[in-house]
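Thanks for coming. I will go through one model this morning, a few elements and side chains at a time.

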Amino acid sequence: MSLIEVKNITKVYKIKPSKNIFSLNKSATKVNAVDDISFKINRGEIIGYIGKNGAGKSTTIKILSGILLPTSGVVTVDGIVPYKNRIKNARKIGVVFGQRSQLYWDLPVIDSFCFLRKLYQVDHDTYQQNMNYFDEFFSLQDLLDRPVRKLSLGQRMKCDLCAALLHSPEILYLDEPTIGLDILTKNNVREFIKKINQEKKITVMLTTHDIEDIEHLSSRIILIDQGKKMYDGPITGIQKHLTRKRLIKVVTEKPFTQVLENIEQPNIKECHANFVIDLDQNSIPNVINAISGSNVIKDITVQEPNLEQILFHYYQQIEK
């Protein structure tokens with residue numbers, strides 16, 4: 001049995017028209033934030049749950065955490081229906097929203113930790129073990145006596161992660177955990193997530209627009225758009241979906257002014273040009289011949305698109 005099971009969930013919001021003379025006869029409109037989504041997550045997985053803004057990612061997380069009630073469908077987390085048994089579900093999960101904090105803004109970090117310890121009824125030994133574990137990775141002792149408002153964004157995120165894991169949950173939901181962080185802090189947070197997954201077998205569901213987070217942490221992604229599931233499988237699977245795309249980078253002797261027919265030209269600057277071609281419609285030798293006919297090629301490289309480029313083209317296909 002999977003740890004998390006989502007079956008045909010839908011969440012419909014009713015949006016009332018604004019009160020003005022032009023909307024007197026208008027009725028409320030319905031928006032499907034989540035539209036008939038199903039998936040399963042096994043214990044110990046790290047899942048990248050991705051999509052554009054407004055795709056329904058945060059709504060799904062809120063349903064799984066018991067904050068929202070789905071309009072229809074069934075959700076179970078380790079056999080528990082989250083919105084029917086919120087307290088029991090809360091003991092099994094930790095949640096981190098990158099743009100919000102569960103720490104008390106004007107109080108020292110340790111005060112928030114003590115409150116959470118009492119709230120979740122964490123025994124002394126477990127609390128101390130977890131605090132030592134966090135301190136070993138994040139040097140947490142240096143931050144505990146500081147008011148949350150005096151922490152940097154990176155320091156606050158580290159403390160939020162620790163707060164979410166203080167009661168030793170089995171599942172960690174992360175919504176944009178690295179947003180706004182510098183490169184070093186991002187790497188530190190990623191390594192910590194990887195560490196707790198490997199050592200503590202914590203299942204992680206990660207929503208983010210930072211594709212590097214997905215590439216560093218997840219082997220499986222679930223892609224949604226406008227509330228619908230578009231893809232569920234390994235990263236290599238979505239790459240194969242668009243393997244016919246190739247990125248060609250060319251450096252020419254003279255500034256590049258040529259327009260190549262039926263080829264995307266996303267970036268041209270003086271003597272440097274990038275092209276994206278579809279091998280079903282064109283070939284690399286044809287492109288090279290077309291360029292060299294009017295210019296001298298000094299350098300050329302051919303690359304398969306990375307995950308960010310793949311998703312860019314995937315979104316373009318969805319919108320067509």
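Let me begin at the start of helix 6, where a side-chain oxygen of Asp182 comes to within 3.0 Å of the backbone nitrogen of Leu184. Bear in mind that this is a predicted model. The chain has a mean pLDDT of 87, with 90% of its residues at 70 or more. Where pLDDT is low, the predicted coordinates should not be read in detail.

Back to helix 6. This helix covers residues 183-200, which is 18 residues, and spans 25 Å from first C-alpha to last, close to the expected 26 Å. Just after helix 6, Lys201 has a positive phi of about 60 degrees.

Which residues of helix 6 are buried? They are Thr185, Lys186, Val189, Arg190, Phe192, Ile193, Lys195, Ile196 and Asn197. Note that Lys186, Arg190 and Lys195 are on that list. The cover over these buried residues includes three strands, namely strand 3 (46-50), strand 6 (171-175) and strand 7 (203-207). It also includes helix 4 (124-138), helix 5 (153-165) and helix 7 (211-217).

Now the aromatics. How many aromatic pairs does the structure hold? There are seven. Take Phe39 and Tyr49: their ring centres are 5.7 Å apart and their planes stand at 50 degrees, so this pair counts as tilted. Phe39 sits in strand 2, residues 29-41, and Tyr49 in strand 3, 10 residues apart, and the pair links distant parts of the chain. Both Phe39 and Tyr49 are buried.

A tilted pair is also formed by Phe138 and Phe192, at 4.6 Å between centres and 45 degrees between planes. Phe138 belongs to helix 4 and Phe192 to helix 6, so this pair ties together parts 54 residues apart in sequence. Phe138 and Phe192 are both buried. They also belong to one aromatic cluster, together with Tyr133, Phe134 and Phe137.

On to the cysteines. The structure holds zero disulfides. Cys159, for one, is in no disulfide: the nearest cysteine sulfur is that of Cys162, 6.3 Å away. Is Cys159 buried or exposed? Its relative accessibility is 0%, so Cys159 counts as buried. Cys114, by contrast, is partly exposed, because its relative accessible area is 33%.

Helix 1 next, residues 57-64. Six of its eight residues are buried, so helix 1 is largely enclosed by the rest of the structure. The buried ones are Lys57, Thr59, Thr60, Ile61, Ile63 and Leu64.

Last, Asp78. Where does Asp78 lie? It is in the loop between strand 4 (72-77) and helix 2 (86-90). Its relative accessibility is 28%, so Asp78 counts as partly exposed. Leaving out residues up to four places away in sequence, Asp78 touches Leu3, Arg43, Lys92 and Glu170. With Lys92 there is a side-chain polar contact of 2.8 Å. From Asp78 to Ile4 the C-alpha distance is 6.1 Å, although the two are 74 residues apart in sequence.

That is the tour; I will take questions now.

Definitions and conventions. Residues are numbered from 1 along each chain as its sequence is written. This is a predicted model: local features need pLDDT of at least 70, side-chain atom pairs count only at pLDDT 80 or more; totals for chains, interfaces and linings use all residues. Side-chain values use heavy atoms; hydrogens and water are left out. pLDDT is the predictor's confidence in each residue, from 0 to 100. Helices (H or I, at least four residues) and strands (E, at least two) are DSSP runs, numbered from the N terminus. The expected span of a helix is 1.5 Å times one less than its number of residues. Buried means under 20% relative accessible area, exposed over 50%, partly exposed in between (1.4 Å probe, protein chains only). Contact means heavy atoms within 4.5 Å. A polar contact is a pair of N or O atoms within 3.5 Å; within protein, one must be able to donate a hydrogen and the other to accept it, and residues adjacent in sequence count only if both atoms are side-chain atoms. A disulfide is a pair of cysteine sulfur atoms within 2.5 Å. Rings of Phe, Tyr and Trp (its six-membered ring) pair if their centres lie within 6.5 Å; planes under 30 degrees apart count as stacked, over 60 as edge-to-face and the rest as tilted.
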